[in-house]
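Hello,

Here is the structure for your files.

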Amino acid sequence: MNDMGMTPPVPKRLLGWYSANQDEMPWRGCGDPYGIWLSEVMLQQTQISTVIPYWHKFMAHYPDIKALAAADEEAVLEDWAGLGYYSRGRNLHRAARQVMTDHAGQFPEDPEEIRSLPGIGEYTTAAICSIAFGKNLAVIDGNVERVICRHQTLSGDPRKGDTKVQLRQIANTWLCTDQPGDHNQAVMDLGRKVCTPRNPDCENCPIAEDCNAYASGDPHRWPQPKKRRPIEKQQWISALFICGEELLLFPGNTELLKGHRGPILSRVTQPDGNIEQALKRELKERTIPLQEILGYGDPYRHSITHRQLEVQPILCRWCGPIPEDVKKIVPHAAGKLPVLHRKAIESIMPLLSNASIGDHAEGITDEMHS
Ligand code: SF4
């Protein structure tokens, strides 16, 4: 309550809380639309603590849009390695090139022009417009949905129908037009730090006084839980080819990590889960002759969106000329590859130093040829 015994409006309380509790983030207050765009793309589906070192790396390697547009896609994806959801890195690079050709290298201010860039949706448009350009667009992400649905006890799916419309109306009504960027960050921060999915800290919430969910005594009832896409279990092989001391990286051409160089991936589709057949099939499709198998690494698990992969690494020795589109690295330099590939390389490392592997390999290779 203020001196007059009245509760200030929600936006005022949110901004007051934000100015006292905001976390330091390197892109906050940088005022550079490029740095803000970079942060917003990286933050999609990814935690702040994970994003910070990547943001610094990109700002150092590609300090502006021109530098990012001029880089090779492969180099950008190498720098993105470990951040996941690689289509974001690819779209970031494509968007930088589009800004160079369509906007003479100046990040556009118009929401429709921003929205038309690859990888930018409604949320990211509102975030960039409000934070970088002070435009009055309310951001709605999962955190904002939770705060508003609880405060207003909105039932129904917040991403559909009437509930979605109501949510948008309330977000627009709350928006503090003097400081739209700070306001949007305040609501998102409140959802992330106070109005959390489990055990919201209502006692310390600046908008608890008029929060309907808090008054109900059970804030967890809002918002309506999302329907989760079922997890699909899949079996894959990762075939790693060595030539002398070096590991060969092939262009990625499967649904996983398309466009990334790495070991050869192939999905095991036979009902009996025959990993050798999966290897044979993939090599045949790539017109690569069958190679000598040296051994098998420990299988490992890896999750990508709704898929839970069980991957069997297979170490092979490369014989014959090396195709032009194949890159060579020493195995210890695998740090720039996506995590899925790094795990495969880690799992075959003990085999690389196993001197007796040649004896064992012959038997396995004979089996494959039979
Ligand atoms: S009072 Fe509790 S439920 Fe309501 S907005 Fe604050 S943290 Fe969320």
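**Pockets and cysteines**

At 18% relative accessibility, Cys205 counts as buried (under 20% relative accessible area; exposed is over 50%, partly exposed in between; 1.4 Å probe, protein chains only). Cys195, at 10%, is buried too. The structure holds 0 disulfides (pairs of cysteine sulfur atoms within 2.5 Å).

This is a predicted model: local features need pLDDT of at least 70, side-chain atom pairs count only at pLDDT 80 or more, and totals for chains, interfaces and linings use all residues. Residues are numbered from 1 along each chain as its sequence is written, and side-chain values use heavy atoms, without hydrogens and water.

Now the pockets. A pocket is an open set of points on a 1 Å grid over the protein atoms alone, where a 1.4 Å probe fits, with protein on both sides within 12 Å along at least five of seven lines; lining residues have an atom within 4 Å of a point.

The largest pocket has a volume of about 2,100 Å³ (the space filled by probe spheres set on the points, which are joined across faces, edges and corners). Its lining counts 50 residues. Nearest its centre lie Asp141, Gly142, Asn143, Arg159 and Lys226. α9 gives the most to this lining, with 5 residues (helices are DSSP runs of H or I, at least four residues, numbered from the N terminus).

The second largest pocket holds about 430 Å³. It is lined by 19 residues. Gly84, Tyr85, Tyr86, Leu257 and Ile304 lie nearest its centre. Domain 1 (10–221) and domain 2 (232–369) each give at least three residues to its lining; the bounds come from an automatic or database domain assignment.

Best wishes

How values were computed: Helices (H or I, at least four residues) and strands (E, at least two) are DSSP runs, numbered from the N terminus.
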